[in-house]
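Morning, everyone. Please have a look at the model on the screen, and I'll walk you through it.

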Amino acid sequence: MSGRPEPQIPGEPANAGRKTPEEAQAGRPAPLILVIGYGNPGRRDDGLGPALAARLTALHLPRVTVESDYQLSIEHAELAARHDVVVFADAATDVPGDAPFYLRPVEPAPDASCFSHHVSPQAVLHLAAECFGAHPCGWLLGIRPLDLESFAEGLTPAAARHLASAVDALRDTFQI
């Protein structure tokens, strides 16, 4: 096993019959985890990433660093390089079926747009490797939004429920 928890099936309880990261890394210290929640809180459910970051920050979780931003940037690569696991959390319109979220592995990959205003999770991991020699395990947490168009703050009630499910899954999957 690579030290990563197994990918989670959308909406399934985390770690159903799977090893925890600590079990998979027996004898090694617990991993340092970075969660980057990104999106625009002024566009209703587009603020799911920052809302997740706020919720996790309030929990004061050991081993977990939480960041919130409007978008990913190349500067996140340096922060990612100091952690073993990086979770990129955002509103996602491609959540399958009726699931409230997905949690998928993400691999480093070069990105031609990494020096523009749009940087992908893959590019952040690639830059962490290229610039800092670090290879954290990457995960993409996509949380189902309902309203991405309104110019208003605050999540819709359904998105708030999806967020709660995602927080529980993160805590279970990464044993935090």
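**A walk through the fold**

Let's begin with one residue. T156 touches R44, D45, L146 and D147, leaving out residues up to four places away in sequence. Keep in mind that this is a predicted model. Where does T156 sit? It is in the loop between β5, residues 137-143, and α5, residues 157-173. Is T156 buried or exposed? Its relative accessible area is 10%. Buried means under 20%, so T156 counts as buried. One of its neighbours deserves a second look. The side chain of T156 makes a polar contact with the side chain of D45, at 2.8 Å.

Now step back to the chain. There are 176 residues, and buried ones make up 48% of them. The chain has five helices and five strands. Read along the sequence, the pattern is α-β-α-β-α-β-β-α-β-α. What about contacts along the chain? Take those with a separation of 6 or more: residues 24 or more positions apart account for 75% of them.

Start with α4, residues 121-132. It has twelve residues. From first C-alpha to last it reaches 16 Å, close to the 16 Å expected at 1.5 Å a residue. Which residues of α4 are buried? They are P121, A123, V124, L125, L127, A128 and A129. And what covers them? The cover includes β1, α3, β3, β4 and β5. Here is a general point about helices. An α-helix has 3.6 residues a turn, so residues three or four places apart point the same way. Just after α4 comes G133, with a positive phi of about 65°.

Then α5. It has 17 residues, which should span 24 Å at 1.5 Å a residue. Its end C-alpha atoms are 24 Å apart, so the two values agree. The buried residues of α5 include A158, A159, H162 and L163. Further on in α5, A166, V167, A169, L170 and T173 are buried too. Q175 follows α5, and its phi is positive, near 50°.

On to the loops. Is A92 buried or exposed? At 8% relative accessibility, A92 counts as buried. P96 is at 37%, so P96 counts as partly exposed. What does A92 contact, apart from neighbours within four places in sequence? The answer is Y102, G142, I143, R144 and P145. Now some distances, C-alpha to C-alpha. A92 and L148 are 56 residues apart in sequence and 10.0 Å apart in space. P96 and R144 are 48 residues apart in sequence and 9.1 Å apart in space.

Another loop, between α4 and β5, holds H135. Its relative accessible area is 65%, so H135 is exposed. H135 and H83 are 52 residues apart in sequence, yet their C-alpha atoms are 8.7 Å apart.

One more loop residue: S73. It lies between β2, residues 64-69, and α3, residues 76-81. The side chain of S73 makes a polar contact with the side chain of E75, at 2.9 Å. Setting aside neighbours within four places in sequence, S73 is in contact with V119 and V124.

Last, the empty space. How do we find it? Rolling a probe the size of a water molecule over the atoms shows where empty space is left. The largest pocket has a volume of about 270 Å³. How many residues line the largest pocket? There are 19. Nearest its centre lie Y38, L72, D90, H118 and V119. β5 gives the most, with three residues. And the make-up of the lining? Ten residues are nonpolar, seven are polar and two are charged.

Technical notes. Residues are numbered from 1 along each chain as its sequence is written. This is a predicted model: local features need pLDDT of at least 70, side-chain atom pairs count only at pLDDT 80 or more; totals for chains, interfaces and linings use all residues. Side-chain values use heavy atoms; hydrogens and water are left out. Helices (H or I, at least four residues) and strands (E, at least two) are DSSP runs, numbered from the N terminus. Buried means under 20% relative accessible area, exposed over 50%, partly exposed in between (1.4 Å probe, protein chains only). A polar contact is a pair of N or O atoms within 3.5 Å; within protein, one must be able to donate a hydrogen and the other to accept it, and residues adjacent in sequence count only if both atoms are side-chain atoms. Contact means heavy atoms within 4.5 Å. On a 1 Å grid over the protein atoms alone, a cavity is a set of points where a 1.4 Å probe fits but cannot get out, and a pocket is an open set with protein on both sides within 12 Å along at least five of seven lines; lining residues have an atom within 4 Å of a point. Grid points are joined across faces, edges and corners, and a volume is the space filled by probe spheres set on the points. Ala, Val, Leu, Ile, Met, Phe, Trp, Tyr, Cys and Pro count as nonpolar, Asp, Glu, Lys and Arg as charged, and the others, Gly among them, as polar. The expected span of a helix is 1.5 Å times one less than its number of residues.
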